[in-house]
Amino acid sequence: NGNLQDSIFYFRKTVSESPGKRHAEACLRLGRLHDHQDELDSAIFWLHKALQDSTDGKFPDARFELGQVRVKQGQLEAALEQFKMAIEESPKRIHPNGNNGIGYVLQKFGRIDEAIPYLKLAIQQKDGKFPEACVNLSYAYKMLGLPGEVFAYCQKAIEDHDSLQTCQSI
């Protein structure tokens with residue numbers, strides 16, 4: 001927790017000591033740090049500032065992070081919109097985290113058949129190695145009653161990352 005506070009101090013100092021300069025990356029990092037501490041209002045403030053400080057108002061990673069915060073707040077419609085914007089603002093519309101986020105939210109809405117293509121695309125966009133999307137896809141297949149697919153994607157998640165505990169809960 002001390003390291004997080006030190007990081008927050010450093011990034012805030014960077015932003016405050018040179019007003020008028022663009023600090024989109026520092027603001028993004030501040031948003032992430034506040035998110036990790038569950039200080040969601042502060043996270044939203046800094047993520048919006050990151051968007052304002054970006055050169056053209058487009059900052060896909062800030063959009064994705066805003067989506068993540070909105071999920072934590074239970075604002076799934078707002079999260080879905082941010083994930084979609086992350087993809088729209090990305091070069092060649094490739095944003096695996098955004099696709100995973102959309103798949104996750106659609107799954108929460110019970111729209112499993114719509115979620116699966118987004119989750120598969122997220123995995124494809126990371127060259128087949130995206131444990132979080134594999135776990136989300138496992139949950140989707142569980143909801144559809146397809147144990148073979150659940151097992152296959154859990155196994156893939158474990159191979160790509162230590163996701164054993166998560167897969168055991170499925």
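Modeller: On a 1 Å grid over the protein atoms alone, a pocket is an open set of points where a 1.4 Å probe fits, with protein on both sides within 12 Å along at least five of seven lines; a cavity is a set from which the probe cannot get out, and lining residues have an atom within 4 Å of a point. This is a predicted model, in which local features need pLDDT of at least 70 and side-chain atom pairs count only at pLDDT 80 or more, while totals for chains, interfaces and linings use all residues. Residues are numbered from 1 along each chain as its sequence is written, and side-chain values use heavy atoms, with hydrogens and water left out.

The lining of the largest pocket consists of Phe64, Gln68, Phe83, Asn97, Asn100, Gly101, Tyr104, Phe130, Glu132, Asn136 and Tyr139. Two or more of these residues come from each of α4 (60-72), α6 (96-108) and α8 (131-143); helices are DSSP runs of H or I with at least four residues, strands are runs of E with at least two, and both are numbered from the N terminus. Helix α6 gives the largest share, 4 residues.

By class, the lining has 5 nonpolar residues, 5 polar and 1 charged. Here Ala, Val, Leu, Ile, Met, Phe, Trp, Tyr, Cys and Pro count as nonpolar, Asp, Glu, Lys and Arg as charged, and the others, Gly among them, as polar.

The largest pocket holds about 210 Å³ of space, where a volume is the space filled by probe spheres set on the grid points, which are joined across faces, edges and corners.
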